[in-house]
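Please find below some notes for a colleague who is new to this structure.

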Amino acid sequence: MLSSTADNLYWLARYMERADFLARAIEASRRLATLPKAYGGAETEWESVLLSSGAAQAFEQTGKPITESNIIEFLTFSRDNPGSIRNCIEFARTNARAVRTALTVEMWEAINGAYLELKAMEARRGAYSADELGRFLDFVKQTSLIYDGGAYRTMLRNDAYWFSRVGLFVERADNTARLLDVKYHVLLPDKEVIGGSLDYFQWAAILRAVSAHTAYHWVYRTSMKPWLVADLLILRPEMPRSLISCYESIVRNLDSLARAHGRQGAAQRQARNMYGKLETMTMEHVFQGGLHEFIQSFISENNRLGSLISEQYLF
Amino acid sequence: MGGLDGLTRAPYQKLSQWLAASPPELLASRREQAELLFRRIGITFAVYGAQDATERLIPFDILPRIIARSEWAALEKGLVQRITALNLFLKDIYGKGEILKAGKIPSELVYHNPGYCPEMAGRRVPHDVYVQIAGVDIVRTNDHGFYVLEDNARTPSGVSYMLENREVMMRLFPDLFSMHRVAPIEDYPDELLATLRSVAPPRASHEPTIALMTPGQYNSAYYEHSFLADKLGVELVEGRDLFVKDDVVYMRTTEGPRRVDVIYRRIDDDFLDPLTFRPDSALGVPGLIGAYHAGNVTLANAVGTGVADDKAMYTYMPDIIRFYLGQEPLLQNVPTWRCREPEALSYVLDHLDELVVKEVNGSGGYGMLVGPHASKAQVEEFRAKLNAQPDNFIAQPTLALSTCPISVAEGIAPRHVDLRPFVLQGAHGVRVVPGGLTRVAMTERSLVVNSSQGGGTKDTWVIDDAILGQA
């Protein structure tokens, strides 16, 4: 496969996944922000979504005050934010157009259809009502479902598929880690106790964002506990968004590539290494060093894998 | 121009009956469906200079243009003859130049032609095939004769519309297809692939590696490039995906470099290789022409074919056919005045308001004067241009062009059309799939069918004559 094609497929998958994540992160923040102020929320929800999605610095450069509507605008439709949902979908579509020959009709139509829909929404939108935002976020999540389903159901299992999947899971691992970090950035007010009702509400919002609320109860059969939420999203192989589950897929898809090419490389070694660490890790380990610190280090190792893939496959 | 007479011609009888029996709402709803399909599939073209409309849909008319098999057979023979002669002509002018020595064509018209490529002089290309893919623009007049309007021997586009138009029509009108026996065109990609394989360099293996080269997704025909690469099952490459080492062309792949044998390039000569042509262009591949001259890669179409699709050269096509094949041309040229000849020039200047004047190197409907529709100021502007540089222009009469019925909001109306059949020449002969791209001037009375000027397209059917007998 052309290196440029692999590059485009890899990034296409990442952009689609990122748009989905942004929609979910915004939803989580909306849920957190619905708490009555009298209840004692510290009003850091919107800052937290900026921080966790890695867009804080870019937002600061706009010089706009941190308000709900400014942040939502910045993360959804802003053209100035290279990482806005709108731009993610446009980049995804640009990548898709460059590799139409490597996509199935279903995948192309999912992206192209979403792009056209997005353009129409952009043209006719006025000030956002809560309803409209809700519809927009649903549209974004649906788009990634259709795209992802199209890829899963229609692509040949060859290098095009493997590169797409690697992109998807590298991005998803990054996103899950960032989502967990939202909780770190949403400060509990001093008078609130850890494990108290506000804390509970915040963890529940995060679980809901990744549609894992029910899963939590199936797995643990107990009330919401922060370390179990972290356990679910980091170490549980049966949870499809967990870091370990993402790495299992990354390893498998990179191995398929290595088999097809008859050559292992630094990317395979890094992925297996990270997977191995997650396999032997316990939540005690994670919390001893601090969840936030664990996440920061995971994100940087995950980025390193991204660079190794580019180097190895000559992107 | 005869109103709806198009519908009374024999090949249209079944369609005409079907239309009479269909409620008008049906056509309207099929029109909408068609537009939706085109938009969803993303069949677009880019318009240079048009802001925010960088990707536009080409208007599509849902009524097919119908040509009887017997009429087609005559046209096809003429096309084969023409492309055969064109290839012999190119071989000759980059070789011995016999046609020039024989005085049939003025030498300066060849050697000073901007499409002539001195780097190709004295070189041979595999199997002496220069123009593997040609698009010949044909018009028909009301007396039902076919005329060649233009030869496109560089990188003709539009074949993806021919194929997609058929796809969409088959989805929208299965009933019409079952009433007619429409000749299939779906094997065009197979024929193209076979053509490209047949002209691989002699040293290439039995499975030559073929790639389609595009300037990239901002090119107006990018959709077509990706569509064709897909149908051919070959890699779609840009300049940066290729590199040349020791006069061999390679693609950059995830498994390392892979040798390329044939490049179907959809990028103009000037941009192919910054070392040979425009040094400021980043679209091409440094060293590509070196590899080409070393015989390690075939470029289709060959470099320098532009000299044959120049509008001034076009006027000599009947002589070219006679010279190389010893035959009379089966397809007529549109009568053309060469403004470089003083007598012709003075005639043209006297009749500007009735003629179409074209730049010899213009394309896409740019740089032309349509006399009958032009304002006084436009006519005078062209008069000045003609006087300044007569060599740059040809002129043709506005023929009594035939029309085709199209479906419009008010019902059915006649519009002017042309036809671009696609001709393939490989090592083993010439092939034309039965059909082509019919372009339609969407505006009433307009003669301009180019997509860049708002023209549309429609499906072209070649149908068995047997069916006509029943009508």
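**Notes on the model**

1. The contact (heavy atoms within 4.5 Å) draws 24 residues from chain B and 23 residues from chain A. This is a predicted model, in which local features need pLDDT of at least 70, side-chain atom pairs count only at pLDDT 80 or more, and totals for chains, interfaces and linings use all residues. Residues are numbered from 1 along each chain as its sequence is written, chains are lettered from A in the order in which they are written, and side-chain values use heavy atoms, leaving out hydrogens and water.

2. Between them, chain B and chain A bury about 2000 Å², with 43% of it on carbon and sulfur atoms. Buried area is the accessible area (1.4 Å probe) that two parts lose on being put together, summed over both.

3. How many salt bridges does the rule find across the interface of chain B and chain A? It finds zero, a salt bridge being a side-chain nitrogen of Lys or Arg within 4 Å of a carboxyl oxygen of Asp or Glu.

4. On the side of chain B that touches chain A, the elements giving two or more residues are α2 (24-41), α9 (222-232), β7 (235-237) and β9 (248-253) of chain B. Helices (H or I, at least four residues) and strands (E, at least two) are DSSP runs, numbered from the N terminus. The largest share, five residues, comes from α9(B).

5. Within chain A, helix α1 (residues 3-33) and helix α7 (residues 130-154) pack at an angle of about 145°, their axes 9 Å apart. Axes are lines fitted to C-alpha atoms, for helices over the stretch in contact, and angles run from 0 to 180 degrees between N-to-C directions. Residues making this contact include A:L12 and A:M16 of α1(A) and A:L133 and A:L137 of α7(A).
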